[in-house]
Amino acid sequence: MEPQKILITWWLGYIWSHTAALFAQSGYEVVLLDNLSNTHKDQVLSSLKILTWKDLTFYEGDVRDYDFLDKVFEQEKPDGVIHFAAKKAVWESCHDPFLYYDNNINGTITLLEIMDKYQVKNLIFSSSATVYDAEKNVPPFTETDRLNTTNPYWTTKLVMEFLLKDMSQHKGFNVICLRYFNPIWAHHSWLLGENPKGIPTNLVPYLLKVAKKEIEKITIFWDNYPTPDGTCIRDYIHIEDLAQAHLQSYDYLLKKVEKEQITEEGNLAPAFEIFNIWTGNGKSVKEMLNIAETVVWEEINNEIGERRDGDVAVSVANPIKAKQILWWEPQKSIVEAVEDAWNFYSANKGA
Ligand code: WQD
């Protein structure tokens, strides 16, 4: 039987590359699509070759480009898609909402149009815990909790989920949305990890650049939140646990579709499922600072600053549904994640 062919869309970030490595290692044929807006293509592709013993097919382009995407689907005819392509910095979306509406929403609409044209129906969507109403819900959030957004990035993730629900209900798409929050991006081989061009937006890479003395100090965005130490609490997760969740979700989707779910009218009932992919164990910014200082064996220069646009005090969710249905649960600790990130960064500094 021909291996399933999976198209992975991303703007060359890190969840993308880890997921591609795992799918390729698991026997899937993997096709990559990226607009190279965020990192070092040669480094990632050469690392993927080492990890998978394969030259993965790569297309440089943008999911918003209908003609480009049409050519890719005509050429590759994938069996399924894992859709990561989205910009993801909360603060940036507050300063440039239309950039996020165009990248994230228009990009998804174009992808769905092409998938429908080529009757590619299976999709795993990299959603986000940001869709939960962090002000009204009591953490840990569950998949049926109230949804709301307080910044344009979060709005785009919620709109993307609604588009996919429409596709499932009216176009027969089989969709799984994975809601997660703070990946820590580094592979245990130190071959893949976050090495963003310019100044990172996320906490852990920023801490490590300060530890490397590439940036003078980190500003902790406010310490007067209603949390034990006054700083925000987030659910940080090792990227390899996250990649594994994508693999187990796709396997689950195929089994669910194979069961030929028939509705009363005798039609195939398409799948639409949502899972929280979390450790369920939130850490505050100060706790993450302490973990990073333990890993790098020295103090990391920091100061307390003003609150950042779009930040909420606590965002932690309940992963029990993914454990019960996908049989997925995180295998790696946050300390391991920060250690892998530090080792990757030290091995590839400035690459
Ligand atoms: C984490 C905490 C900051 C930098 C996350 C993901 C993002 C996306 C949206 C899924 C916050 C604090 C940070 C700094 C700081 N994921 N911080 N000083 O904002 O939770 O966004 O959800 O959709 O990819 O990262 O992540 O890493 O930016 O911040 O104090 O220099 O660290 O206030 O509480 P955030 P982050």
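**Entry 1: a helix pair**

I began with helix 7, which passes helix 11 in a right-handed crossing. Helices are DSSP runs of H or I with at least four residues, strands are runs of E with at least two, and both are numbered from the N terminus.

I noted the residues that make the contact (heavy atoms within 4.5 Å). Helix 7 supplies Val 204, Leu 208, Lys 209 and Ala 211, and helix 11 supplies Ala 341, Trp 342 and Tyr 345. I sorted these residues into 6 nonpolar, no polar and 1 charged. For that sorting, Ala, Val, Leu, Ile, Met, Phe, Trp, Tyr, Cys and Pro are nonpolar, Asp, Glu, Lys and Arg are charged, and the others, Gly among them, are polar.

I then looked up the geometry. The axes of helix 7 (residues 203-211) and helix 11 (residues 334-348) come within 10 Å and cross at roughly 50 degrees. That makes helix 7 oblique to helix 11. The classes are roughly parallel under 35 degrees, roughly antiparallel over 145, roughly perpendicular from 65 to 115, and oblique for the rest. Axes are lines fitted to C-alpha atoms, for helices over the stretch in contact, with angles from 0 to 180 degrees between N-to-C directions.

**Entry 2: ground rules**

The model is predicted: local features need pLDDT of at least 70, side-chain atom pairs need 80 or more, and totals for chains, interfaces and linings use all residues. Numbering starts from 1 along each chain as its sequence is written, and side-chain values use heavy atoms, without hydrogens or water.

**Entry 3: the whole chain**

I found 11 helices and 14 strands in the protein chain. Its C-alpha trace spans about 60 × 45 × 40 Å along the principal axes. Of the 351 residues, 56% count as buried. Buried is under 20% relative accessible area, exposed is over 50%, and partly exposed lies in between (1.4 Å probe, protein chains only). Of the contacts with a separation of 6 or more, 81% come from residues 24 or more positions apart.

I looked at Trp 53, not a glycine, and found a positive phi of about 60 degrees. Trp 53 sits in the loop between helix 2 (41-52) and strand 3 (57-60). Its relative accessible area is 80%, thus exposed.

Trp 327 also has a positive phi, about 55 degrees. Its loop runs between helix 10 (320-326) and helix 11. I logged Trp 327 as exposed, at 71% relative accessibility.

Last, I checked Pro 139 and Pro 140: a cis peptide bond joins them, with omega about 0 degrees. Pro 140 lies in the loop between strand 5 (122-128) and helix 6 (152-171).

Technical notes
A crossing is left-handed if the near helix is turned anticlockwise from the far one by less than a right angle, and right-handed if clockwise.
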